[in-house]
Amino acid sequence: MTRITHMAAGALIGGLFGKYGMLAGAVGGVLPDIDVRLFGEEKDREWHLFKHRGITHTLLLAFAVSIGSYIYLSLYDYEKLVFVIFLALLSHIALDSLNFQEEKPFYPLKTGICFKIIKVGTIQEYLFITLPLFLILIEVVITKYKYYI
Ligand SMILES: [Zn+2]
């Protein structure tokens, strides 16, 4: 999925937990794709730990980031945001599993998932995933926080 879709999903999850949750969720939603910056975006078919959808798209890293976030955020009494970050990371893995590139979220187990439902950046993604997420997010913002556009 594209960055905007992951951000919308994370912000929606976080929006249910408060205003700071929305920000934490948006960041957590896009965080796994930092691997594109770190390792580049290789298109070869063989799965590798240090390539796009490698280690950053695993439950192992989701737990590690959550533990690190807990250590940092507990200094400022924002521990509840750790749950938001964890859920946003899981949403990223779940959304990417709908694409055509395999990921192995259960690493070190070799089980890979790839549902091959939606291609990245297509009109189908924006119409059936991104747009509904944004509409629900707007509804959450309006009803929960009483912000009117
Ligand atoms: Zn991703």
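Helices, here DSSP runs of H or I with at least four residues, and strands, runs of E with at least two, are numbered from the N terminus. By this definition the protein has six helices and zero strands. The model is a predicted one. From the N terminus on, its elements follow the order α-α-α-α-α-α. The radius of gyration is 16 Å, close to the 15 Å that the globule rule gives for 149 residues, so the protein is as compact as a globular protein of that length. The C-alpha trace spans about 50 × 40 × 25 Å along its principal axes.

Of the 149 residues, 44% are buried. Among contacts with a separation of 6 or more, 57% join residues 24 or more positions apart. The accessible surface amounts to about 8,800 Å². Carbon and sulfur atoms contribute 69% of that surface. The side chains include 14 positive and 13 negative ones. The centres of these two sets lie 4 Å apart.

Helix H1 covers residues 3–15. At 1.5 Å a residue, its 13 residues should span 18 Å, and the end C-alpha atoms are 18 Å apart, so the two values agree. H1 is mostly covered, with 10 of its 13 residues buried. Thr5 and His6 belong to this buried set. So does the run Ala8, Ala9, Gly10, Ala11, Leu12, Ile13, Gly14 and Gly15.

Notes. Residues are numbered from 1 along each chain as its sequence is written. This is a predicted model: local features need pLDDT of at least 70, side-chain atom pairs count only at pLDDT 80 or more; totals for chains, interfaces and linings use all residues. Side-chain values use heavy atoms; hydrogens and water are left out. The radius of gyration is taken over C-alpha atoms; the globule rule is 2.2 Å times the number of residues to the power 0.38. Buried means under 20% relative accessible area, exposed over 50%, partly exposed in between (1.4 Å probe, protein chains only). Contact means heavy atoms within 4.5 Å. Accessible areas come from the Shrake-Rupley method with a 1.4 Å probe; for residues, only the protein chains shown count as cover. Lys and Arg count as positive and Asp and Glu as negative; His and the chain ends are not counted. The place of a charge is taken as NZ of Lys, CZ of Arg, CG of Asp or CD of Glu. The expected span of a helix is 1.5 Å times one less than its number of residues.
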